[in-house]
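Dear colleague,

I am passing on the structure that I mentioned, and below it you will find my notes on what was found there. Please read them with the coordinates open.

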Amino acid sequence: MNASSAPHPTGDVLLYVNGVTVSFDGFKALNELSLVVEEGELRTIIGPNGAGKTTMMDVVTGKTRPDSGEVFFRGSADLTRLDEAAIANLGIGRKFQRPTVFENLTVFENLELALTGSRGTWRTLFGRLTQEGHARIAAALERIGLAEESGKPAGALSHGQKQWLEIGMLLIHDRQLLLLDEPVAGMTDRETEETAALILDLARDRTIIVVEHDMAFVRSLGARVTVLHEGSVLAEGSVEHVQNHPRVIEVYLGR
Amino acid sequence: MSAGSAVGERNAWSLRFWVGFAVCAVVLVVLVPVLNRAVEPNSPVAVPDYLVPLLGKYLCYAILALSLDLVWGYAGILSLGHGAFFALGGYCMGMYLMRQIGTRGVYGNPLLPDFMVFLQYKELPWFWWGFDHFLYAAALVMLVPGVFALIFGWLAFRSRVTGVYLSIITQAMTYALWLAFFRNDMGFGGNNGLTDFKDIIGFDLHRPTTRLGLYLASAVGLGIAYLLCRFITNSKLGRVLLALRDTESRVRFLGYSVTNAKLFVFTVSAVLAGIAGALYVPQVGIINPSEFSPANSIEIAIWVSVGGRGTLVGAILGAGLVNLAKTWLTSAAPEIWLFILGGLFILTTLVFPRGIVGIFRQLRWTRPRAQSPAAPPLAVGGSGAAKEQA
């Protein structure tokens, strides 16, 4: 679990964010933010509260429309023009800060909804779960350790189990880009370690952006770090590089 | 509705379900007609003729309750305007029945219904064209509420109007229609509405056998509506709906179109409500603008919540029981009925959020053998969007 196991970017640009500005009532949540993430990369984004981390994710997933600037996925898909569902179907997945599973559905049904497949209203009305789908759900249940809880409503799970279910939902859905918003918030040290291992494992065949506060966790991922401050990039580089960066120390680590 | 097999899938179409469905169908479709037609009229088990249209009316209300439960109980869309779809379907049927009167009206005009002669119409308005054909009217019974709901829903869901705001604009919708249909120059009979019907596809509406036929049509309609709702709610789409009822934004990030899913159930639901209205009108013999009254739509929500929203059987039970109580109390003690109705709503909301069906389920689950999951928490309709702003 160190830098050597980190994934290898291919050099192709997957996510291209250029000059994005978002303001809420005059407050600039993002200020000319520019960011490039390569295919296969694992990227961590840190920054103090209000630095624009969550807004950045909102822009990429289509929840918030930027006032200006451009956001492209795979060079051609203009994310500023698509809605959440269309962006999700391009292959961009998001995990929220608080675990959000569907509490009134069973664990199995939660995974079923996340399973790759047609999202059309008509198809979901008549579609049936295939043998292969069954097998993939069973495999995911096994991997996140919730096989026993399959028939339970997700609302009956513990906090940690919900986090795992949510990661399972990301796992089962083939996504090229995952955005994880503070994936270890509220976890015990042991759970944090396991989550780091799972993320490194997931990162082997997809691109992941992790937004995190926990510096120990960021260090354990050993990935390239982008530091946000007041809505734009303050520094970017290895963990060591940003930790020794004087401005970063001043605004973030120094506190 | 078992708690789920080993892998967490629910089997909605088990043998047990079909047996239960068949028993209910036999009671409604075979037993009631037999007790009405084949039993001596003074026998204690006989169903007297006057009761048949009353039962038919309850069945129409049950279809209406199902339609609201589909959107409210399963998708969190609390529509307080479903009475409007019911009335629109009812008006389409009423227009057909008016055209069937022909020269038997007071003025004996072969083309124009009485109220038009009275209001000095020179010719039949264009929107009345074709209503002398039953199939045309039957198609419009579904199309008018369906298209209306499609347009209304598209505007509302696309702009992400949810929760209490949606409830308010549906109230406004039915209120606007209420006022519009009151106007004489709308061409729908104004305040008096449409009435004095004579016959339907050649059968005299005043004959007991015709009334029994309408009752049977309502029973079959309820059966089909129930199966349709059960199919929808047990499909993957049904699970998408339950999911978006609880956390709408999360469903979007999974790649489902929340707008389309909502639009689909809302339209299906409006069509069902329209059919209910069309079955209702020939049995009660009148349709007038009071069917659009906002209070009517709220009453439907009370039926569903008393029976147990999010359970289809609950909607049917609620519609039946509340209306039974209404029929009895509005003649026995009319002054207290509205208090009882209001009290019921408060009671179910505060004490029995899952309604009558919820009470029975809880009783079953508190028995020792139960290893079933805990009762799912009460879902507040469409509040998911409230916590969006970071």
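Pro183(A) sits in the loop that links strand S7 (177–181) to helix H7 (189–202) of chain A, where helices (H or I, at least four residues) and strands (E, at least two) are DSSP runs numbered from the N terminus. This is a predicted model, in which local features need pLDDT of at least 70 and side-chain atom pairs count only at pLDDT 80 or more, while totals for chains, interfaces and linings use all residues. Residues are numbered from 1 along each chain as its sequence is written, and chains are lettered from A and ligands numbered from 1 in the order in which they are written.

Pro183(A) counts as buried because it has 26 C-beta neighbours inside 10 Å; the class is buried if 20 or more other C-beta atoms lie within 10 Å of a residue's own, exposed if 12 or fewer, and partly exposed in between, with C-beta atoms placed from the backbone. Leaving aside residues up to four places away in sequence, Pro183(A) touches Lys95(A), Thr195(A), Ile199(A) and Val210(A), a contact being two residues whose C-beta atoms, placed from the backbone, lie within 7 Å. From Pro183(A) to Phe217(A) the C-alpha distance is 9.9 Å, although 34 residues separate them in sequence.

The loop between S7 and H7 of chain A also holds Gly186(A), which counts as partly exposed, with 13 C-beta neighbours inside 10 Å. Its C-alpha atom is separated by 9.0 Å from that of Arg98(A), the two being 88 residues apart along the chain. Leu178(A), by contrast, is placed in strand S7 of chain A itself, and is buried, with 24 other C-beta atoms within 10 Å. Leu178(A) touches Gly93(A), Leu170(A), Arg206(A) and Ile208(A), again not counting residues up to four places away in sequence, whereas 18 Å separates its C-alpha atom from that of Glu194(A), 16 residues apart from it along the chain.

Elsewhere in chain A, 4 strands make up an open sheet with antiparallel pairing, in the order S2-S1-S4-S5, where two strands are taken to pair if DSSP finds at least two bridges between them. Its edges are strand S2 (27–38) and strand S5 (77–78) of chain A, each of which pairs on one side only. Strand S1 (residues 13–24) of chain A is joined to S2(A) by 8 bridges, the two running antiparallel, and Val20(A) stands opposite Leu33(A) in S2(A). Helix H1 (residues 53–60) of chain A lies across S1, S2 and strand S4 (68–73) of chain A, at about 65° to S2(A); the axes are lines fitted to C-alpha atoms, for helices over the stretch in contact, and the angles run from 0 to 180 degrees between N-to-C directions.

Turning to the interface, 32 residues of chain B are in contact with 30 residues of chain A. On the chain B side, the elements that give two or more residues are helix H8 (236–246), helix H9 (248–253) and H10 of chain B, and H8(B) gives the most, with 7 residues.

In H10(B), 24 of the 27 residues are buried, whereas H13(B) lies largely in the open, since the number buried is 1 of its 14 residues. H10(B) is followed by Gly285(B), whose phi is positive, near 80°.

Finally, on confidence, the model scores ipTM 0.82 and pTM 0.85. The mean pLDDT (the predictor's confidence in each residue, from 0 to 100) is 86 for chain A, with 94% of its residues at 70 or more. Over residues 1–6 of chain A the pLDDT is below 50, and this stretch has 10 contacts in the model beyond near neighbours in sequence. Chain B averages a pLDDT of 89, with 91% of the residues scoring at least 70; over residues 368–390 of chain B, however, the pLDDT is below 50, and that stretch has 43 contacts in the model beyond near neighbours in sequence.

With best wishes
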